[in-house]
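Visitor: Please take a close look at one part of this model, the surroundings of the ligand. I would like a plain account.

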Amino acid sequence: MAAAPLLAIHDYRLVFDGFEGTAHVLDGIDLELGAAETLGVVGETGCGKSVLAKSVLRLLPSPPARVVAGSIRFEGVDILAANDRAMRAIRGPRVAMIFQDPATFLNPVFTIGQQLLDVIAAHEREKPKAERRARAAMRAHAVSLLQQVRLPDAEALMGRYPHQLSGGMRQRVLIAMALSGAPALLIADEPTTALDVTIQAQVLRLIADLVRDLGLAVMMISHDLGVVASTCRRVVVMYSGTIVEDAPIARIFAQARHPYTKGLLAAIPTLAGSAAKLSGIAGSIPNLIAPPPGCRFHPRCPLAVERCRAEKPALRDFGGGHRVACHRAEES
Ligand SMILES: Nc1ncnc2c1ncn2[C@@H]1O[C@H](COP(=O)(O)OP(=O)(O)OP(=O)(O)O)[C@@H](O)[C@H]1O
Ligand SMILES: [Mg+2]
């Protein structure tokens, strides 16, 4: 990547200290994301997708979370060392996040308008006094945000309560809130999993359009390669706290090299690929307190040899933006 990337994560290792031991949840994540780049993050449940996303915004409670090694930089700011004030200027204004279940992030006792204005006002407070907007300007901004996420009758919606909206409408409100600063990066953690399939497609379309029109970078987290393929140009495949493969979407479908990625692709039904869940690989997810030595995937891998049990494979560059962490990547 040429200029300094928007987001740069290097050798990031994070554990959770628990009653039963220390869980090695992220084990040496190396990932860079450029401005306006669209990246999907896929992998089965518990592989660390949400923990990775929350790490970028330092949203994990510590304890139990503990960073053991590595660095995270966003727009040059050292996230792991930033003070609370610096984090407030990043979290929301520069990096916005939307989550799976919109209902839990809206307060049932306040109107949509009040909640949207609260978020906008919080961003204003981060600005110098002379630059802060008046209430009327903030309200006009709120209405325009609701229009931008294609909610009909935005004026009337300002006075409605969350329970008066459908799930898809609530998720659009949260996207409007996410856009209320001037984010350079949108992190979407399973943003459509809780929605019906048709609504899901509409919300994904909306996110893809907004990201393109506003020139945002996006990190789209999903179980579902189809969801990622519809919104992103590049995908990172995670397995048990590690990145096993990173490639442009088309390359993943045509020339995946990691046996885990191949297993995921084989698990996608030929019809309606977007409904596929990443669960078709035999064996179970490794225990994070005593993870397998060497490559964490080796107990489930059809190609595993002695070296895979002994030595952790590095993410190696195969050209064309394709990286693979597998000792046997050449053979496949
Ligand atoms: N606050 C926490 N305390 C202790 N362990 C945690 C905490 N949050 C996550 N974990 C553990 O970290 C691991 C990764 O969790 P994470 O939520 O990132 O998975 P995920 O890939 O997002 O899964 P899913 O697809 O189900 O959302 C899991 O083993 C989980 O139990
Ligand atoms: Mg998750």
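Guide: What follows describes the shell around the ligand, then a loop residue and the confidence of the model. This is a predicted model, in which local features need pLDDT of at least 70 and side-chain atom pairs count only at pLDDT 80 or more, while totals for chains, interfaces and linings use all residues. Residues are numbered from 1 along each chain as its sequence is written, chains are lettered from A and ligands numbered from 1 in the order in which they are written, and side-chain values use heavy atoms, with hydrogens and water left out.

Around ligand 1 there are 14 residues (a heavy atom within 4 Å), and the closest are Thr-45, Gly-46, Lys-49, Ser-50 and Val-51. Helix α1, residues 49-56, gives the largest share of this shell, 3 residues (helices are DSSP runs of H or I, at least four residues; strands are runs of E, at least two).

Oxygen atoms of ligand 1 also lie 3.3 Å from a backbone N or O atom of Cys-47, 3.1 Å from a polar backbone atom of Gly-48 and 2.9 Å from a side-chain N or O atom of His-223. Taken alone, ligand 1 exposes 640 Å², of which the protein buries 64% (Shrake-Rupley method, 1.4 Å probe).

Asp-224 sits in the loop between β8 (217-222) and α8 (225-231). Asp-224 counts as buried because its relative accessibility is 4% (buried means under 20%, exposed over 50%, partly exposed in between, with a 1.4 Å probe and protein chains only). A polar side-chain atom of Asp-224 is 2.8 Å from the backbone nitrogen of Gly-226.

The protein averages a pLDDT of 90 (the predictor's confidence in each residue, from 0 to 100).

Notes: A polar contact is a pair of N or O atoms within 3.5 Å; within protein, one must be able to donate a hydrogen and the other to accept it, and residues adjacent in sequence count only if both atoms are side-chain atoms.
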